[in-house]
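Colleague: I am new to this structure. Can we go through it in short steps?

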Amino acid sequence: MFSFPPLLSSFLRLFLPFLVLCNLLLLLPVGFVSAGSSSRIGNGYRLISIEESSNRGLVGLLQLNQKTNIYGPDIPLLHLYVKHETDSRLRVHITDAQKQRWEVPYNLLPRETPPLAKQSIAISSRKDALSSPKPTDYPGTELIFSYETDPFTFSIKRKSNGQTLFNSTSEQPDPCNPLVFKDQYLEISTKLPKNASLYGLGENTQPHGIKLNPYDPYTLYTTDISAINLNADLYGSHPVYMDLRNMEGEASAHAVLLLNSNGMDVFYKGDSLTYKVIGGVFDFYFFAGPSPLDVVDQYTAFIGRPAAMPYWAFGFHQCRWGYHNLSVVEDVVENYKNAKIPLDVIWNDDDHMDGHKDFTLNPTNYPRPKLLAFLEKIHAQGMKYIVIIDPGIGVNTSYGVYQRGIANDVFIKYEGKPYLAQVWPGAVNFPDFLNPKTVEWWIDEIRRFHELVPVDGLWIDMNEVSNFCSGLCTLPEGRICPNGTGPGWVCCLDCKNITKTRWDDPPYKINASGIQAPVGYKTIATSASHYNGVLEYDAHSIYGFSQAVATHKGLQELEGKRPFILSRSTYVGSGHYAAHWTGDNKGTWEDLKYSISTMLNFGIFGVPMVGSDICGFYPAPTEELCNRWIELGAFYPFSRDHANFYSPRQELYQWESVAISARNALGMRYKLLPYFYTLNYEAHTTGAPIARPLFFTFPIDTKLYGLSTQFLLGKSVMVSPVLEQNKTEVKVLFPPGSWYNMFDMAKVIVSKETHYLTLDAPLHVINVHVYQNTILPMQQGGLISKQARTTPFTLIVTFPLGGSQGEAKGELFLDDDERLEMKLGSGYSTYIDFYATVSKGSVKVWSSVQESKFALEKGWIIEKVTVLGLNGVESSFVIEVDGNELKDTSKVEFTTREHESLERSEDGGDETKNVMVEIGGLELPLGKKFSLSWKMGIKA
């Protein structure tokens with residue numbers, strides 16, 4: 001939902017570097033100019049003791065070398081803990097040795113608890129404590145932790161080749177500071193090779209593409225500013241980056257997570273990376289990879305596997321802020337049906353609420369009896385209904401949700417009273433989801449609301465947290481707030497700035513909102529307190545995460561069904577509970593392009609169910625732009641059209657040309673739903689992104705490292721959209737191999753080496769290609785996923801064009817998507833591996849089935865197998881089912897079609913006529929293993 005206009009004008013964007021430089025200079029003490037040690041923020045620590053811990057890690061003690069007072073006094077004694085937690089994961093934890101500090105709660109993100117600092121202090125006092133420890137290594141299976149003692153520095157190396165992945169060494173005249181650890185300022189740096197390609201550190205809108213760009217600002221602090229603000233801290237905080245390197249033709253990737261929820265600036269200069277954090281601890285996790293898929297597997301094994309999504313979630317979603325009454329919603333659903341555009345889920349922004357209050361219905365515009373009748377109708381068809389919930393609970397003594405919240409003492413406090421803020425209902429209090437009582441209350445409110453309206457999922461918005469006011473506010477006397485006139489996001493409470501505490505005005509100013517805004521600007525005052533005295537200053541960026549955890553529990557307990565949650569604010573681990581959309585974007589060609597990089601980043605963050613508002617949230621998109629956006633958006637993992645209250649209507653049927661593009665692109669999406677859902681299972685079990693950069697499949701190819709205008713779905717379906725105005729062609733970068741056009745599979749591109757090729761892309765066309773060596777399960781599509789899911793299957797088998805030898809593989813996961821768990825062994829799921837070979841003139845396609853019962857009960861069949869890239873047609877055909885030859889093949893039909901190659905074969909000579917072969921009329925039970933084989937006879 002739109003909250004307030006974009007924060008930065010174009011003038012400020014141009015003037016910002018100068019302003020930031022001036023502000024930084026003003027913050028520094030007089031004389032802080034040279035790189036001499038006297039002007040450094042910190043002078044580092046020395047290691048005074050180290051020993052193996054009881055759990056086979058290392059514990060040590062670091063003592064301050066020389067104090068400084070820039071950004072506050074140094075903490076004199078630090079506790080070091082290092083452990084190889086798995087073969088591929090190494091942890092380095094540094095905190096105050098004498099006082100407990102804030103960390104991301106261990107019950108919110110489960111992980112091992114480090115040994116108490118007292119153990120290290122005891123070690124240092126022993127007579128045999130090492131007075132001057134020698135530089136040494138602590139090897140694991142894949143990574144090596146190495147350290148120097150004075151000043152203390154550490155490095156992480158890959159055991160297989162000795163490559164340094166992280167190196168905190170800082171020597172004069174190095175501009176980086178040595179380790180700095182103050183109460184409200186932590187700093188550490190790592191050197192990097194200049195050929196490293198880095199990805200991650202979000203959430204932000206990256207105008208240069210998916211690769212981190214040296215000297216761009218990377219600030220992590222959850223903030224409600226529009227996603228049109230470039231290189232600024234947006235809704236989520238993900239302090240993790242993936243580092244991909246190609247050394248002499250050998251590619252390797254690793255990831256570095258700093259598990260810290262405090263605000264931070266990360267400075268990337270190309271050959272170094274520096275963290276400047278305003279609180280918490282250093283809790284580093286290093287993930288060894290070495291492939292990009294290995295990295296996200298290891299990362300999500302730690303932070304939580306991505307949530308299992310219901311099947312219908314991969315259908316198309318329609319939303320708008322401004323569906324004023326139920327009749328409008330009913331018309332939208334009917335118009336999609338009449339336009340023959342697929343639609344699975346209809347959404348309400350806050351229009352359904354009574355006075356913008358959570359868990360309520362507007363009795364006039366959304367009368368409950370009529371809404372229940374509407375839901376009964378669409379539920380019978382297989383459609384779903386989702387509504388928005390904001391965290392701000394309206395302060396209203398006649399409002400039951402608020403009354404029960406006060407009675408259960410669930411709200412965040414300031415000086416003992418619920419902190420007062422303003423959002424859409426007016427004055428609000430914010431639930432404290434770190435409080436177990438709040439979680440119980442929230443679960444109960446979800447239950448009560450579901451009894452009122454049987455919604456199918458919840459959309460949690462504004463949870464950065466967003467506040468239309470800043471500071472300490474009170475209800476105004478003698479006037480109504482808000483008064484119902486003017487924009488709803490203008491603060492009307494009586495407020496005063498809070499600068500009296502170091503939490504509201506910390507010594508180091510992160511680049512909040514891209515303008516060094518106060519950390520309490522337009523959010524909860526950072527000196528407000530959560531459960532057990534936790535400061536908002538520390539817990540700010542995990543608010544949306546903690547709300548997603550509580551909401552997930554609430555939905556799970558309703559009917560035992562698989563939850564669907566969409567959250568705007570996210571943190572490390574949010575993908576275990578929720579999907580994400582990229583927030584308030586703009587209907588521009590630039591935003592269309594930016595959406596790809598943000599989507600790909602969230603796949604790396606472990607939030608694979610992600611997409612942007614199709615056609616833009618505001619203002620009005622052009623007809624051409626909306627055509628191109630639905631062509632791209634049909635292949636987002638989460639595909640939803642959403643628009644602002646003040647924008648003209650932009651449902652896909654509003655323009656006939658857009659409707660044509662929608663039927664085309666969404667028609668292909670609905671045929672690919674089995675593939676999307678299998679990718680969902682892969683994500684849930686291994687963390688693999690649904691949408692991913694091309695380098696995930698082709699990691700050696702450095703030409704792909706910065707590619708941000710194309711992407712893969714899974715390993716082998718490549719989407720290449722038009723991203724510019726007035727274009728009817730698109731330049732597509734093709735890695736080596738055979739690429740078959742998904743909309744016309746006779747058309748193929750054979751690429752000898754990675755290079756660009758210009759393809760036709762008239763208004764209603766998006767180029768989607770499937771790579772060789774793939775078996776793709778598809779169905780016949782439909783207007784609702786429930787209907788599409790009942791149709792017969794087709795297998796698309798792709799071999800290298802005209803190759804005499806080849807292998808292809810594919811997978812298919814099927815289950816009862818209403819059930820909480822997405823796994824095999826329950827009796828409610830089936831997993832199928834598909835294989836195919838071509839060798840010495842023989843072709844074979846076969847399957848292997850696990851847990852066949854579910855697929856057999858559903859009666860799914862394979863009706864057609866299409867094999868691409870062959871250089872001959874069929875003779876002597878054999879079908880086997882469960883090992884028994886099928887005698888009656890009278891209904892089986894073979895058809896061939898000659899391939900149309902857009903490029904000549906690799907040798908440049910005359911090309912053999914290659915064909916695609918379609919075997920139709922099959923009735924192979926999907927739940928039984930089968931085998932098709934034939935000899936290739938006459939050349940086509």
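Colleague: Which residue in β4 is the bridge partner of Y81?

Modeller: Note that this is a predicted model. Strands β3 (residues 77–84) and β4 (residues 89–96) run antiparallel, joined by seven bridges. In β4, the partner of Y81 is H93.

Colleague: Which strands stand at the edges of the open sheet?

Modeller: Eight strands form the sheet, in the order β1-β2-β3-β4-β17-β14-β13-β11, with antiparallel pairing. Two of them have a single partner strand each, so one side of each is left without a neighbour in the sheet. These edge strands are β1 (45–52) and β11 (197–202).

Colleague: What does the twist average from one strand to the next?

Modeller: The sheet is the open one of eight strands. From each strand to the next, the twist averages 15°.

Colleague: At about what angle does α3 run to β14?

Modeller: Helix α3 covers residues 292–303. It lies across β4, β13 (238–247), β14 (250–258) and β17 (282–287). Its angle to β14 is about 20°.

Colleague: How many charged residues are in the contact of α12 with α13?

Modeller: From α12 come R669, Y670 and K671, which meet L673, P674 and F676 in α13. By class, the contact has four nonpolar residues and no polar ones. The charged residues number two.

Note on methods: Residues are numbered from 1 along each chain as its sequence is written. This is a predicted model: local features need pLDDT of at least 70, side-chain atom pairs count only at pLDDT 80 or more; totals for chains, interfaces and linings use all residues. Side-chain values use heavy atoms; hydrogens and water are left out. Contact means heavy atoms within 4.5 Å. Helices (H or I, at least four residues) and strands (E, at least two) are DSSP runs, numbered from the N terminus. Ala, Val, Leu, Ile, Met, Phe, Trp, Tyr, Cys and Pro count as nonpolar, Asp, Glu, Lys and Arg as charged, and the others, Gly among them, as polar. Two strands pair if DSSP finds at least two bridges between them. Axes are lines fitted to C-alpha atoms, for helices over the stretch in contact, and angles run from 0 to 180 degrees between N-to-C directions.
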